[in-house]
Amino acid sequence: MGDVMVLLRVLPESVDIDLESLKNDITEKIKDLCKINSVNEEEIGFGLKALMFQVIVPDEEGKIDRVEDAISSVKNVSQVDTRDISLI
């Protein structure tokens with residue numbers, strides 16, 4: 001089995017959330033589940049920004065779901081969406 005690169009969009013609960021702190025909390029939570037390739041901010045609108053996590057996970061059943069669930073459990077995370085999955 002190989003690995004897959006996954007692009008995840010993480011929306012904070014409000015525009016008042018410190019994205020740098022949220023990024024650090026998420027990184028700490030998922031560091032044992034996957035390799036974080038990059039993290040960028042994406043403007044959504046009306047002052048709301050999303051965090052775009054590009055992570056590499058083993059191509060195993062349920063592994064992406066476990067990463068999403070871990071991110072969802074972080075305080076101040078409103079929503080997690082898988083935007084793209086690529087076999088590498």
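## Close-up views of a predicted protein model

View 1. In helix α2 (residues 63-72), the buried residues are Lys63, Ile64, Val67, Glu68, Ala70 and Ile71. These residues lie on the same side of α2, because they cover an arc of only 160 degrees around the axis. Here, buried means under 20% relative accessible area, exposed means over 50%, and partly exposed is in between (1.4 Å probe, protein chains only). The arc is that of the directions from the helix axis to the C-beta atoms. What do the buried residues of α2 pack against? Their partners are β1 (3-12), α1 (19-30), β3 (48-58) and β4 (77-87). A contact means heavy atoms within 4.5 Å.

A word on reading these views: this is a predicted model, in which local features need pLDDT of at least 70 and side-chain atom pairs count only at pLDDT 80 or more, while totals for chains, interfaces and linings use all residues. Residues are numbered from 1 along each chain as its sequence is written, and side-chain values use heavy atoms, with hydrogens and water left out.

**View 2. The whole protein, for orientation.** The protein has two helices and four strands, and from the N terminus on they run β-α-β-β-α-β. Helices (H or I, at least four residues) and strands (E, at least two) are DSSP runs, numbered from the N terminus. Along the principal axes, the C-alpha atoms fill a box of roughly 40 × 20 × 15 Å. Of the 88 residues, 34% count as buried. Look, too, at how the chain meets itself: among contacts between residues at least 6 apart in sequence, 71% join residues at least 24 apart.

View 3. Start with Ser78, which sits in strand β4. Not counting residues up to four places away in sequence, Ser78 touches Leu11, Pro12 and Glu13. The C-alpha atoms of Ser78 and Pro12 are separated by 5.1 Å, although these residues are 66 residues apart along the chain. Now find Asp81, also placed in strand β4. Asp81 is buried, with a relative accessible area of 18%. Apart from neighbours within four places in sequence, Asp81 is in contact with Leu7, Leu8 and Arg9.

**View 4. Lys29 in the other helix.** Lys29 lies in helix α1 and is partly exposed, its relative accessible area being 44%. Which residues does Lys29 contact, leaving aside its neighbours within four places in sequence? They are Ala70, Ser73 and Val74. For a sense of distance, Lys29 and Gly62 are 33 residues apart in sequence and 17 Å apart in space, C-alpha to C-alpha.

**View 5. Two loop residues with positive phi.** Phe46 lies in the loop between β2 (35-45) and β3. Its phi is near 55 degrees, a positive value in a residue other than glycine. Phe46 is exposed, with a relative accessible area of 89%. Asn76 is found in the loop between α2 and β4. The phi of Asn76 is near 75 degrees, again a positive value in a residue other than glycine. At 24% relative accessibility, Asn76 counts as partly exposed.
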